[in-house]
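Hello,

Here is the structure you asked to look at. My notes on it follow below.

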Amino acid sequence: MSIFRSILTGTGAYLPDRVLTNAELATKVDTSDAWIQERTGIKSRHIAADGQLTSDLAIAAARAAMDSAGISAADVDLIVQATATPDQTFPATATRVQAALGITRGAAFDIQAVCSGFVYALATADNFIRAGQSKCALVIGAETFSRILDWTDRTTCVLFADGAGAVVLQAEAASGHDSNSRGVLSTHLHADGRCNDLLYVDGGPSSTQTVGHLRMAGREVFRHAVTNLAAVTHEALAANGLSAADLDWIVPHQANIRIIDTTARKLGLSPDKVVTTVDHHGNTSAASVPLALAEAVADGRIRRGDLVLMEAMGGGFTWGAALVRM
Ligand code: ACO
């Protein structure tokens with residue numbers, strides 16, 4: 001039986017035009033630019049226009065990723081889209097993306113793991129490819145979190161934002177591989193459903209028949225994030241016989257600069273190996289990792305052959321990591 005591995009051949013991103021600054025937020029709720037920057041590192045974020053849907057953001061990011069990989073619609077046989085803010089309760093937003101891109105074969109479905117969604121989606125697509133069930137996958141993280149925020153709650157509305165990022169994974173036959181081979185080396189996923197009520201949306205089709213608003217116990221989330229993200233990073237490195245010093249880049253979920261810095265310190269990673277976009281993206285949930293990855297690839301920081309670790313944690317809790325040789 002052939003063995004396949006997934007090569008990451010393209011990245012793409014899309015951010016809505018509208019930029020919302022901390023100064024503007026301070027005119028809506030009792031907050032300040034200084035408080036937001038000091039506690040989170042966020043200076044500004046992008047917000048989708050009225051009528052602009054998660055699928056619109058996803059389609060733009062997916063097109064950019066397909067262009068960068070040099071593939072056409074006919075090549076794609078799988079779309080895995082991570083989102084907690086789908087256009088509709090059903091069908092999956094991935095199917096709208098599929099239709100808009102002119103893709104007519106294979107599977108298309110959404111994954112719900114909130115801020116870890118992209119890592120979950122990448123792991124899922126990688127496993128389809130390893131199993132020989134897919135040859136070319138679009139993996140997307142796209143969100144319009146602005147639609148589920150309580151804009152009167154200063155403890156949450158200053159943190160989250162909108163955007164989309166995407167990657168293309170393509171199957172390559174392999175006789176085996178080590179950590180020097182290109183592609184997804186390993187993925188590691190976790191969940192702990194006992195923490196549901198620390199970060200959630202207070203609505204849903206089955207419970208309230210409404211969409212609901214995001215609610216969060218910020219300090220508790222912070223504490224779990226630092227512990228879980230450091231642990232899953234160690235797990236990914238150990239699984240490949242590597243250490244933190246072997247990493248060229250870490251692309252963390254962009255929730256809060258203090259979570260990113262504390263986790264990097266715990267791992268003994270130099271800050272210049274950490275990709276950060278939280279200052280101008282805010283927390284875009286499932287879009288955050290692929291947006292940061294696409295930005296660092298586009299500006300030439302991340303290059304072919306680099307060893308990149310992506311990690312994220314989100315509501316559930318869910319968390320995970322993916323180690324990729326670009
Ligand atoms: N502006 C001004 N003051 C505020 C604001 C605001 N936007 N929000 C809260 N405060 C006030 C609080 O009311 C509180 O006031 P009090 O002392 O009078 O009661 C004070 O600031 C301190 O509040 P804390 O919640 O203790 O502030 P903390 O330093 O913990 O920072 C924050 C809050 C930024 C939410 C932090 O806990 C955090 O980053 N948590 C992680 C949450 C996160 O990133 N979630 C994203 C999803 S999960 C993930 O992606 C990993």
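Why is strand 4 (residues 78-82) largely enclosed by the rest of the structure? Five of its five residues are buried, so the rest of the structure largely encloses it. Buried means under 20% relative accessible area, exposed over 50%, and partly exposed in between, with a 1.4 Å probe and protein chains only. Helices (H or I, at least four residues) and strands (E, at least two) are DSSP runs, numbered from the N terminus.

This is a predicted model, in which local features need pLDDT of at least 70 and side-chain atom pairs count only at pLDDT 80 or more, while totals for chains, interfaces and linings use all residues. Residues are numbered from 1 along each chain as its sequence is written, and side-chain values use heavy atoms, leaving out hydrogens and water.

In a regular strand the side chains alternate between the two faces of the sheet. In strand 4, Leu78, Val80 and Ala82 are buried on one side, and Ile79 and Gln81 are buried on the other.

Strand 4 also has partners (two strands pair if DSSP finds at least two bridges between them). Five bridges join strand 4 to strand 5 (residues 107-111), and the two run parallel. Strand 6 (residues 136-144) is likewise parallel to strand 4 and joined to it by five bridges. Ile79 has Ala108 as its bridge partner in strand 5 and Leu138 in strand 6.

As for the whole chain, there are ten helices and 13 strands. Buried residues make up 57% of its 326 residues. The C-alpha trace spans about 60 × 45 × 40 Å along its principal axes.

Regards
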